[in-house]
Each structure stands twice: as structure tokens, then as C-alpha cells.
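User: Hello! I am new to this structure and would like to walk through it with you, one question at a time. Could you show it to me?

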Amino acid sequence: MTKMLVTGGAGFIGANFVHYTLQNYPQYEVTVIDKLTYAGNPDNLASVLDKIEFVTGDISDRELIDKLVSETDIIVHFAAESHNDNSLSDPWPFVHSNLVGTASILEAVRKHNKRLHHVSTDEVYGDLELDDPAKFTPETPYKPSSPYSSTKAGSDLLVRAWVRSFGIHATISNCSNNYGPYQHIEKFIPRQITNILSGTKPKLYGTGENVRDWIHVDDHNNAVHYIIEKGRSGETYLIGADGEENNKYIIETILELMGKDKTDYEHVNDRPGHDLRYAIDATKLREELGWVPKYTNLREGLQATIDWYTANRSWWEAEKAKVEAAYAEKGQ
Ligand code: NAD
Ligand code: DAU
């Protein structure tokens with residue numbers, strides 16, 4: 001058995017990763033470390049708690065991280081503050097978790113000579129024009145826009161520096177927008193689905209022309225496994241499934257799939273500094289590692305996600321009023 005430490009395993013992608021790993025890669029013995037911030041929910045792992053070890057803690061706690069890293073073979077690092085809108089209201093938790101937390105993991109990885117996979121975002125590259133023929137590649141210069149994306153960019157640069165200066169064994173992935181079960185209802189797609197389920201209207205920032213490159217969370221996690229198993233140390237792999245759509249299309253499609261009038265949504269205040277478009281060129285991942293996405297029909301993926309939020313009202317209902325009150329204060 002190979003011992004795997006998953007940071008942020010009670011969050012959206014981390015929890016899906018733990019489920020995916022237990023189902024498809026039985027050679028791993030999984031330990032999760034998670035601070036259980038507002039975004040971490042132990043219920044996400046309820047059905048597998050007897051199969052994993054769960055540690056509640058902060059990745060910037062160097063003593064705890066040193067111990068957990070010393071006891072594992074590989075670290076898959078998801079833990080982060082992840083929501084752009086929150087980073088505009090209060091950047092400090094982003095500096096703490098994304099920068100200090102990642103540095104604490106890197107020092108333990110260096111000391112104990114372990115393998116690290118660092119999970120990051122396409123937002124480190126800034127944004128593209130709507131008609132730009134080029135997509136993000138591993139060679140695109142870093143140009144992050146928000147406190148969230150700049151702290152993620154900083155965490156990537158820390159990993160690169162530890163590879164170059166200390167020779168640690170690490171890989172990095174930068175993925176586009178994920179959707180699927182267990183995503184916090186502050187995020188775009190679950191917010192709109194749960195708005196409709198709660199009898200309120202979907203909320204579109206600005207004109208809705210902003211484009212995101214959607215990928216199902218299982219495809220992201222499958223790609224992370226390809227990189228863990230076959231990726232070359234020190235390399236960066238971009239993960240994306242050619243799922244570009246603008247936000248207006250996504251809201252209209254969700255309304256249509258939920259049997260509502262496609263025009264029944266509200267325009268709300270735009271996000272300051274709102275990135276226009278993200279788009280991933282995943283050629284390196286596809287050609288070098290042989291990865292292909294399984295979820296290529298976004299409408300079907302959205303329908304399955306709608307079904308999950310419809311069937312799991314108790315998972316999100318208690319949080320809904322608080323999340324919407326915070327958005328309402330910003331006119332969003
Ligand atoms: P999330 O906010 O749903 O989950 C983050 C998890 O990390 C939570 O469980 C939280 O409790 C935990 N956490 C936060 N700070 C911590 C700390 N200091 N110590 C320990 N645990 C801490 O985020 P997500 O959407 O699942 O994103 C996971 C990772 O994937 C992040 O690194 C994010 O940057 C990256 N990513 C996300 C997307 C996306 O579309 N959501 C796309 C590309 C990359
Ligand atoms: O690209 C990867 C990134 O995708 C990840 O690194 C982030 O962790 C993840 O949160 C996501 O960032 P975005 O800012 O793109 O995601 P968000 O769900 O917040 O918003 C998606 C788009 O929808 C964005 O253009 C803003 C818009 N939006 C968002 C909300 C919450 C709306 O129009 N209405 C909304 O209510």
C-alpha cells in the first residue's frame with residue numbers, strides 16, 4: 001500500500017478526489033488533513049470515514065504538517081481558500097492558507113524527501129480576450145488578477161523554487177472551472193441551481209459574456225491521478241476538457257433543464273476586476289500522459305449536478321440564507 005496525504009479533502013474537489021481514489025485506486029491508504037473552514041464539510045466524506053484517517057488541522061501548523069508528511073509517501077495538496085469574491089472582501093485568509101500553508105508543506109516535503117502534487121488553477125495566467133485564438137499553455141506568463149489567483153500563483157512559484165533550489169520531487173497542475181457534486185453554494189453553478197430550488201432567481205454578474213472552461217470534477221481528479229502515476233517531476237500540466245461557455249449560456253441552460261423560462265434571471269453587480277475568459281490547451285497532458293476526459297457533454301453533466309442538489313437539499317439548505325445575505329450586501 002502507498003500512503004497518501006490529501007490536504008483539503010473535506011472541500012469540493014478534495015472530497016470528490018478521496019471518493020474517486022478509494023473507488024479506482026485501491027493501492028492508496030488515505031489520510032485527510034482539513035481545517036474545516038466554512039468550505040470544508042466532514043459530511044462530504046461521511047460514507048468513507050471508516051476507510052480513511054481524518055485529521056482536523058491547519059496546513060500552516062508546521063509541527064502537525066511535519067508529522068503527517070513524515071508518515072506518508074505522497075501528498076496531494078488541494079487545501080486553499082478558493083473563492084474569488086471572498087478574496088475581494090478579505091484577502092488575509094488567502095495569504096495565510098495559500099501561501100504560508102503551501103510553504104509549510106514544502107518544507108516538510110523537503111525535510112522528509114516525499115513526493116508532492118500541488119493542485120492549482122488556470123487563473124494564475126490572468127484572462128484572455130473573447131476572440132483570442134491562443135489558449136493557456138504551460139508556457140503562458142503568470143498574470144493573476146485577484147487576491148485569490150495571485151496567492152495561488154505565489155504558491156505555484158514556491159513549488160517551482162523548491163524544485164529548482166532543493167530538488168524536491170513535485171508536480172503542479174493548473175485546472176479550469178470544475179463542476180459537480182459537493183461544490184459550495186457560493187460558487188456559480190450550485191448558486192443558480194439552489195436559487196431556483198429555493199424559489200429565487202439566478203444571479204448573473206454584469207453582461208454574462210464572461211467565459212469559463214468547464215470540466216467535471218471527476219475528469220479533473222482522474223487527470224491528477226495520471227500526473228501522480230506518470231507525470232515528470234518539476235513539470236506543470238494544464239487540465240481542461242474544451243468546455244468553454246459564457247455565463248449567460250450556463251444560466252439559461254440551467255433554467256431550461258429545470259423546466260423554467262430561460263429569461264427568468266437577474267443581472268446583478270459585476271465582480272470588480274472580473275476576468276473575461278479562461279481557456280485551457282491540455283495538449284501536454286493528453287499527448288504526454290495519454291489522458292482523455294470522460295464527461296464531454298456539458299448539458300448532461302449539468303443535469304446530473306442539478307439532480308444531485310435536488311436530491312441533497314439537507315446538504316445545502318441550512319447555509320443558503322447566510323450565503324445569499326452576504327451576496328445581497330454587495331448587490332450581487
Ligand atoms: P473548497 O473551498 O471547496 O475546499 C477547500 C478545502 O480546503 C476546504 O475543505 C477547507 O476547509 C480546506 N482548507 C482551507 N484552508 C485550509 C488550511 N489552512 N488548512 C487546512 N485545510 C484548509 O475548494 P475547491 O474548489 O475544492 O478547490 C480545491 C483546490 O483546487 C484549491 O487549491 C483550488 O485553488 C484548486 N482549484 C479549484 C478549481 C475549481 O473550479 N473549484 C479549479 C482549479 C483549481
Ligand atoms: O478557473 C478555475 C477557478 O474557477 C478556480 O480556481 C476557483 O477556485 C473557482 O472558484 C473558479 O473561479 P471563478 O471565479 O471562475 O468561479 P465562480 O464560480 O465564482 O464564478 C464563475 C463565473 O460566474 C464568473 O465569471 C463569475 C460568474 N458568477 C458567479 C457567481 C457566484 C455569476 O455570474 N453569478 C454568480 O452568482
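User: Leaving aside neighbours within four places in sequence, which residues is aspartate 58 in contact with?

Analyst: Happy to start there, bearing in mind that this is a predicted model. Aspartate 58 sits in the loop between E3 and H2. Once its neighbours within four places in sequence are set aside, its contacts are Ile33, Lys35, Leu64, Ile65 and His96.

User: Is aspartate 58 buried or exposed?

Analyst: Buried means under 20% relative accessible area. The relative accessible area of aspartate 58 is 16%, so this residue counts as buried.

User: Where do the buried residues of helix H2 lie, seen down the axis?

Analyst: Helix H2 covers residues 62-70, and Ile65, Leu68 and Val69 are buried in it. Seen down the axis, these buried residues fall within an arc of 95°, so they line one face of the helix.

User: And what do the buried residues of H2 pack against?

Analyst: Both strands and a helix take part. The strands are E1 (2-7), E2 (28-34), E3 (53-56) and E4 (74-77), and the helix is H4 (92-112).

User: Let's turn to the ligands. How much of ligand 1 does the protein bury?

Analyst: The shell around ligand 1 has 28 residues, and Ile13, Asp34, Ser82, Tyr148 and Lys152 come nearest. Oxygen atoms of the ligand lie 2.6 Å from a polar side-chain atom of aspartate 34 and 2.6 Å from an N or O atom in the side chain of tyrosine 148. Of the 830 Å² that ligand 1 exposes when taken alone, the protein buries 97%.

User: Which element gives the largest share of the shell around ligand 1?

Analyst: Two or more residues come from each of helix H1 (12-24), strand E5 (115-121) and helix H5 (147-166). By residue type, the shell holds twelve nonpolar, twelve polar and four charged residues. The largest share, three residues, is supplied by E5.

User: How much of ligand 2 does the protein cover?

Analyst: Ligand 2 is surrounded by 25 residues, with Thr121, Asp122, Tyr148, Arg271 and His274 the closest. Its oxygen atoms lie 2.8 Å from an N or O atom in the side chain of asparagine 177, 2.9 Å from a polar backbone atom of tyrosine 205 and 2.8 Å from an N or O atom in the side chain of asparagine 247. On its own the ligand has 690 Å² of accessible area, and the protein covers 95%.

User: How many residues around ligand 2 are charged?

Analyst: Helix H6 (188-197) and strand E8 (203-205) each supply at least two residues of this shell. The shell divides into seven nonpolar and ten polar residues, while the charged ones number eight.

User: One last stop: is serine 176 buried or exposed?

Analyst: Serine 176 is in the loop between strand E6 (169-175) and strand E7 (178-179). Not counting residues up to four places away in sequence, serine 176 touches Asp122, Asp213, Ile215, Ile239, Gly240 and Ile280. With a relative accessible area of 4%, serine 176 is buried.

Technical notes: Residues are numbered from 1 along each chain as its sequence is written. Chains are lettered from A and ligands numbered from 1 in the order in which they are written. This is a predicted model: local features need pLDDT of at least 70, side-chain atom pairs count only at pLDDT 80 or more; totals for chains, interfaces and linings use all residues. Side-chain values use heavy atoms; hydrogens and water are left out. A residue is near a molecule or strand if one of its heavy atoms lies within 4 Å of it. A polar contact is a pair of N or O atoms within 3.5 Å; within protein, one must be able to donate a hydrogen and the other to accept it, and residues adjacent in sequence count only if both atoms are side-chain atoms. Accessible areas come from the Shrake-Rupley method with a 1.4 Å probe; for residues, only the protein chains shown count as cover. Helices (H or I, at least four residues) and strands (E, at least two) are DSSP runs, numbered from the N terminus. Ala, Val, Leu, Ile, Met, Phe, Trp, Tyr, Cys and Pro count as nonpolar, Asp, Glu, Lys and Arg as charged, and the others, Gly among them, as polar. Buried means under 20% relative accessible area, exposed over 50%, partly exposed in between (1.4 Å probe, protein chains only). The arc is that of the directions from the helix axis to the C-beta atoms. Contact means heavy atoms within 4.5 Å.
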